[in-house]
Amino acid sequence: MSSVANPDVASATARLRAPLGDRLHEPGDPGFAAATRLWNAAVDRAPALVARCLDAEEVAGAVGIAARCHLPVSVRSGGHDWAGRALRDGGLVLDLTGLRAVQVDPDAATVTVAGGATAADLLTATRPYDLVVPTGVVRDVGMAGLTLAGGYGPLCGRFGLALDNLIGAEVVLADGRRVAADPRHDAELFWALRGGGGNFGVVTALRYQAHRLPAVLAGMIMFALAEAPAVLRGYSALLAEAPDELTVMAGFLPGPAGEPVIFVCPFYSGPDLDLGRPWVDRLRALGVPLLDQVGPLPYADALRMFDGGMVDGNHYLLRTRWLPTLADGAVDALVDAARKVSSPFSAVALHHFHGAASRVRLADTAFGLRADHLLTEIIAVWPPGGAAGPHRDWAERTSAALAPHALPGGYPNLLAPEETDRVRLAYGANWTRLRRAKRRYDPRDLLTAVPTLPPAVHSG
């Protein structure tokens with residue numbers, strides 16, 4: 001029987017009130033609205049309770065109570081899961097935003113972050129030591145959510161995905177037990193966490209291998225939309241030659257007047273930044289730049305170029321495709337999407353996967369695709385109060401147009417909860433092992449996270 005069959009909210013409330021006091025929020029409480037606010041204002045969920053936990057012991061206690069009272073559990077950390085899986089209707093939300101500590105061991109080049117820490121928290125702590133851990137491009141994103149399902153980012157080519165740098169985790173399992181997971185302790189759980197998302201337990205701490213990187217050569221180059229076909233084809237040709245140290249994003253962003261412009265965003269992370277300048281010159285030569293702001297910067301400062309790009313409180317809908325290359329048909333589909341964009345706030349991003357990330361053996365982590373590719377992120381954005389239909393249609397049309405040129409599956413962090421068939425395809429040969437791990441660690445399906453896995457009681 002599923003753990004959500006007979007939820008006993010009243011009993012859970014009474015049991016949680018004693019240890020948490022006013023950090024347990026019910027609907028109507030003054031703090032409830034703030035504790036259930038997400039980056040995507042389009043999310044409309046009605047949790048029964050929110051437990052604001054301040055340490056792993058409180059998390060373990062709350063999970064144990066939820067299990068006994070048959071309440072499903074979700075975790076709110078960075079709050080950037082666009083699909084709203086941080087909030088479960090009728091469930092208990094574990095709010096980890098109070099767990100933000102970051103500990104740096106500069107001698108061992110390791111960093112331990114609490115389960116609610118964001119990329120910004122990590123970057124602030126590591127900067128004095130010239131150390132970095134691979135992150136995504138948005139500093140407000142929680143490191144746990146980013147890492148557990150993948151973690152594409154500007155250092156992918158040199159240092160791999162965020163999950164490739166995870167060397168250990170502290171986890172509260174669905175029965176309330178606290179365990180350590182690393183290559184020597186519960187190696188199967190450690191394997192599943194690196195790509196399978198938060199479906200196996202609540203991660204209260206993550207330990208990463210860090211890397212010395214005083215600066216990167218990075219920035220933004222933008223071109224007029226009319227130049228997009230030539231820019232994308234030139235971009236594709238350059239990626240085929242790019243060294244590990246060069247990872248380049250591209251895509252379409254709103255221009256100064258709201259019109260789409262095409263951008264390329266290089267991050268060169270080699271020890272000699274001058275070796276990156278010829279590559280940047282090649283990117284500049286793809287067209288006539290409208291904006292050219294590339295230079296040497298600390299990694300943390302380079303990421304600030306993305307601050308404010310996707311504003312909290314707007315409505316968002318995302319779709320995604322994995323492209324093995326930028327074939328002519330894919331270029332045409334992307335350019336057509338930019339020309340027909342339904343909102344001046346929407347965007348398309350291409351994330352470059354190559355180098356170190358592609359050399360990890362497929363069986364070594366749960367992440368299901370290790371061949372070079374481009375992750376396409378289709379981001380429909382509109383202000384509150386607007387009709388969702390045109391923007392949903394734009395995202396769906398773009399995704400469908402790219403499908404004939406795409407690999408099976410898609411990035412689990414961006415797949416919609418209903419796309420469970422594509423989740424299965426995303427894990428490929430790792431799927432069966434991942435499902436066994438779900439049945440082992442959460443047989444009652446207490447936890448649902450990114451990606452949304454089918455219930456453990458189902459076969460497959």
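At what angle do helix α8 and helix α11 pack, and how far apart are their axes? I was working from a predicted model, and there α8 (residues 228-239) and α11 (residues 328-339) pack at about 140°, with axes 10 Å apart.

**Entry 1: the helix pair.** Angles over 145 degrees would count as roughly antiparallel, and I therefore filed α8 and α11 as oblique to each other. Their crossing is right-handed. I then listed who makes the contact: A228, P229, L232 and R233 come from α8, while α11 brings D328, V331, D332, L334, V335 and R339. Sorted by class, the contact has 6 nonpolar and 4 charged residues, with no polar ones.

**Entry 2: a helix on the inside.** Next I turned to helix α4 (residues 119-126). I found 6 of its 8 residues buried, so the rest of the structure largely encloses this helix. The buried ones are A119, A120, D121, L122, L123 and T126. I also checked what covers them: the cover includes strands β5, β6, β7 and β10, along with helices α5 and α10.

**Entry 3: salt bridges.** How many salt bridges does a search of the whole structure find? My count came to 26.

- R85 pairs with D81, the closest N and O atoms lying 3.2 Å apart. Both partners came out under the 20% cut-off for buried: R85 has 6% relative accessibility, and D81 has 16%.
- R359 and D244 form a salt bridge with a closest N and O separation of 2.5 Å. R359 sits in the loop between β17 and β18 and D244 in the loop between α8 and β13, so this pair ties together parts 115 residues apart in sequence. R359 is exposed at 55% relative accessibility, whereas D244 is partly exposed at 25%.
- R319 and E418 meet at 4.0 Å, N to O. This pair also links distant parts of the chain, 99 residues apart, with R319 in strand β16 and E418 in the loop between α12 and α13. R319 is buried, at 4% relative accessible area, but E418 is exposed, at 57%.

**Entry 4: a network.** Which residues are linked in a network of salt bridges? I noted R127, R139, D301, R304 and D307 as linked in this way. As a reminder to myself, side chains of opposite charge can pair when their charged atoms come close.

Notes:
Residues are numbered from 1 along each chain as its sequence is written. This is a predicted model: local features need pLDDT of at least 70, side-chain atom pairs count only at pLDDT 80 or more; totals for chains, interfaces and linings use all residues. Side-chain values use heavy atoms; hydrogens and water are left out. Axes are lines fitted to C-alpha atoms, for helices over the stretch in contact, and angles run from 0 to 180 degrees between N-to-C directions. Helices (H or I, at least four residues) and strands (E, at least two) are DSSP runs, numbered from the N terminus. Angles under 35 degrees count as roughly parallel, over 145 as roughly antiparallel, 65 to 115 as roughly perpendicular and the rest as oblique. A crossing is left-handed if the near helix is turned anticlockwise from the far one by less than a right angle, and right-handed if clockwise. Contact means heavy atoms within 4.5 Å. Ala, Val, Leu, Ile, Met, Phe, Trp, Tyr, Cys and Pro count as nonpolar, Asp, Glu, Lys and Arg as charged, and the others, Gly among them, as polar. Buried means under 20% relative accessible area, exposed over 50%, partly exposed in between (1.4 Å probe, protein chains only). A salt bridge is a side-chain nitrogen of Lys or Arg within 4 Å of a carboxyl oxygen of Asp or Glu.
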